[in-house]
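Welcome, and take a moment to look around before reading on. The paragraphs below will walk you through what you see, one piece at a time.

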Amino acid sequence: MLSKIHHVGVVVRDLEQAYGFWRDVLGLPVVVVKTVLDQDVTAALLKVGESEIELLQPLSDKSGIGKFLAKRGEGLHHLCFETDDVDAELAAAKAKNIRVIDEKPRLGLAGMICFLHPTATRGVLVEYAQPLDEAHPQGSAHR
Amino acid sequence: MKTLRLDRVVVATPDAAGAAATFRAHFDLVPDTPLAGSPTLRIGGSQIAFVAPSAGTPLAAILASSGEGMAEVCLEVASLPDAAASLRKAGVGFTEEDGGRTLAVDPRAAHGVRLTLVERAGG
């Protein structure tokens, strides 16, 4: 069952520069920062009520995030729904013939995650996330 | 500035009813009070609004340049006057919309995001 918007992903060119607005002007606290070398991205989660803003800085122009930045510039990237059972949600999506990106959940910054294909969701890149515990998980891989 | 929560996400689309129906069917989301006549779904303490923008609006420009998809994030703040003061102090541009009940932050300051700020009664 989907319970809330876990986070909204935003691609930025430079995390430190982005903090100047999202953290310092809006007052959103940074709760997790992680660099994932195999995904060529550094990500930060900033708390806003029960949800978060995820800032994504590509480390190269070859990563998915890097290609997004090169093609579209900074801006909104994806919408993540929190679930208590990511396996069940992914199975339900497949049963509805919803096109998916990830055939099975994987470890991400927000817990166990998977992505649906935006062509199935009106151009919105949708992620499901099942947090690993009450505290923020320390995922080793991230989109 | 005291920012309280993610109020809503706006999806720009040429077919608001169809897009809302897609999200209802895919994600079992519950319909909520329409946002200015646009179909709106609830998830947790936030909303997803599906807007077929009028010509000449910022959302219409986003739809034209980026296609159908997520186009705006709205955050609830404790005080709109305080938020405006914080933006001015930081040198961040903004415009008042919806009769002064919403602040739209200059997307250049918000890293390409159309970001709006709203104060809710009792919020």
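This is a predicted model: local features need pLDDT of at least 70, side-chain atom pairs count only at pLDDT 80 or more; totals for chains, interfaces and linings use all residues.

Reading from the N terminus, its elements follow the pattern β-α-β-β-β-α-β-α-β-β-β. Its C-alpha atoms fill a box of roughly 45 × 35 × 25 Å along the principal axes. How does its radius of gyration fit with that of a compact globule? For 123 residues such a globule would have a radius near 14 Å, and chain B agrees with this, because its own value is 15 Å. Of the 123 residues in chain B, 41% are buried. Among its contacts between residues at least 6 apart in sequence, 53% join residues at least 24 apart.

Now for the sheet of chain B. Its eight strands form an open sheet in the order 2-3-4-1-5-8-7-6, with mixed pairing. Strand 2 (30-35) and strand 6 (94-97) of chain B each have a single partner strand, so they stand at the edges with one side left without a neighbour in the sheet. On average, neighbouring strands of this sheet are turned by 30° against each other, direction ignored. For one pairing in detail, look at strand 1 and strand 4 (residues 46-51) of chain B, which run parallel and are joined by five bridges. In strand 4 of chain B, B:Val51 is the bridge partner of B:Ala12.

Helices lie against these strands. Helix 1 of chain B lies across strand 1, strand 3 (38-43) and strand 4 of chain B, at about 20° to strand 3 of chain B. Helix 3 of chain B also packs on the sheet, where it touches strand 5, strand 6, strand 7 and strand 8 of chain B, and its direction makes about 20° with that of strand 7 of chain B.

Strand 2 of chain A pairs with strand 3 (residues 41-48) of chain A in the antiparallel sense over six bridges, and A:Val32 stands opposite A:Leu45 in strand 3 of chain A.

Where do the chains meet? The contact takes 33 residues from chain B and 31 residues from chain A. On the chain B side, strand 1 (3-12), helix 1 (16-27), strand 5 (69-77) and helix 3 (80-90) of chain B each supply at least two residues. Strand 1 of chain B gives the most to this side, with six residues. The residues on this side of chain B divide into 17 nonpolar, 13 polar and three charged.

B:His111 is found in the loop between strand 7 (102-105) and strand 8 (115-118) of chain B. Is B:His111 buried or exposed? B:His111 counts as buried, because it has 21 C-beta neighbours inside 10 Å. Among the residues it touches are A:Val10, A:Phe21 and A:Glu74. From the other chain, A:Val8 is in contact with residues including B:Leu6, B:Val9 and B:Val73. A:Val8 also belongs to the largest nonpolar core, which has 73 residues; A:Val8, A:Val10, A:Leu55, B:Val9 and B:Val11 have the most contacts inside it.

Note on methods
Residues are numbered from 1 along each chain as its sequence is written. Chains are lettered from A and ligands numbered from 1 in the order in which they are written. Two strands pair if DSSP finds at least two bridges between them. Helices (H or I, at least four residues) and strands (E, at least two) are DSSP runs, numbered from the N terminus. A nonpolar core is a set of buried Ala, Val, Leu, Ile, Met, Phe, Trp, Tyr and Cys residues joined through C-beta atoms within 7 Å. A residue is buried if 20 or more other C-beta atoms lie within 10 Å of its own, exposed if 12 or fewer, and partly exposed in between; C-beta atoms are placed from the backbone. Two residues are in contact if their C-beta atoms, placed from the backbone, lie within 7 Å. Ala, Val, Leu, Ile, Met, Phe, Trp, Tyr, Cys and Pro count as nonpolar, Asp, Glu, Lys and Arg as charged, and the others, Gly among them, as polar. The radius of gyration is taken over C-alpha atoms; the globule rule is 2.2 Å times the number of residues to the power 0.38. Axes are lines fitted to C-alpha atoms, for helices over the stretch in contact, and angles run from 0 to 180 degrees between N-to-C directions. Lists of a residue's contacts leave out its neighbours within four places in sequence.
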